[in-house]
Amino acid sequence: MIENESTEVLNNKSRSSGLSSGWLALIIAIAVIIADQALKIWVKTSFYLGEDLEITKWFHLKFIENNGMAFGLELWNKLILTFGRIIAVGLFIWFIIKIKDLKDIRRGFIVSVALITAGAAGNIFDCVFYGKIFSNPWPPEIATMFPADGGYAGWFEGRVVDMLYFPLFDFYWPEWIPGIGGTYYEFFAYIFNLADSAICVGVALMLLFYSKDASIAFKAIGGSAEKEKK
């Protein structure tokens, strides 16, 4: 009994003395966006397109650009994708505001949502602004910021900068395997950025540790929506 009471007092004290969940989410989001944009701008203005800098055998900085989603996937029209990201970030921010004060929600869940929100927002900056503020020279020339010709694309049509490359291992499939025999295979061939990483870490944390919190959050929002209707 005494142990339970002391645990409850400790939890209440940590809630009151520490950062609020809303401020924690804001700080995490800002930190991720700043780090993501700083790395992208440095790569964009220091590497030519396609340049590959080997840090270790299994970790490279390789500058590429893409028009699509995380890890270079391209599924939809560019403008639809950009505006879809903006809407998604707006919904995530609304979601955090709604759940940040719920007592049954653990802070780890708020951190997960903040990482996903920051990752989506980080790639929005590329799409919205990079086409206007960067040149697009042929390799081996390096891009410059605020070129005289006004950039390589219009607003909302910039390309996302990727650079994190982990070629962990590669091999050729044995000749006797039907269909793929003799072909080259590389694991992990995707090239991505810090924003993509934040999204993946946030989703992984949510699925592995905070699925119960997600259920509580959605039920609370659904319940508040029902009350507003009444």
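Reader: How many cavities of 30 Å³ or more does the structure hold?

Author: Happy to start there, with the reminder that this is a predicted model. A cavity here is a space where a 1.4 Å probe fits but cannot get out. Counting those of 30 Å³ or more, the structure holds one.

Reader: How many charged residues are in the lining of the largest cavity?

Author: The lining includes Lys 44, Glu 65 and Glu 141, and Asp, Glu, Lys and Arg are the types that count as charged. Beside seven nonpolar and two polar residues, the charged ones in this lining number three.

Reader: At what angle do the axes of helix α2 and helix α5 cross?

Author: Helix α2 covers residues 21–46, and helix α5 covers residues 194–209. Their axes come within 8 Å of each other. The crossing angle is roughly 145°.

Reader: Which residues in α5 do the α2 residues meet?

Author: From α2, the residues taking part are Val 32, Ala 35, Asp 36, Leu 39 and Lys 40. By class, this contact of α2 with α5 has six nonpolar, no polar and two charged residues. On the α5 side, the partners are Leu 194, Ala 195 and Ala 198.

Reader: What share of the residues of the protein chain count as buried?

Author: A residue is buried when its relative accessible area is under 20%. The protein chain has 230 residues, and the buried share is 35%.

Terms used
Residues numbered from 1 in each chain as written. Predicted model: local features only at pLDDT ≥ 70, side-chain atom pairs only at ≥ 80, totals over all residues. Heavy atoms only, no water. Axes fitted to C-alpha atoms, helices over the stretch in contact; angles between N-to-C directions. Helix = DSSP H or I, 4+ residues; strand = E, 2+ residues; numbered from the N terminus. Contact = heavy atoms within 4.5 Å. Buried < 20%, exposed > 50% of the residue type's maximum accessible area, 1.4 Å probe, protein only. 1 Å grid on protein atoms, 1.4 Å probe; cavity = no way out; pocket = protein on both sides within 12 Å on 5 of 7 lines; lining within 4 Å. Points joined across faces, edges and corners; volume = space filled by probe spheres on them.
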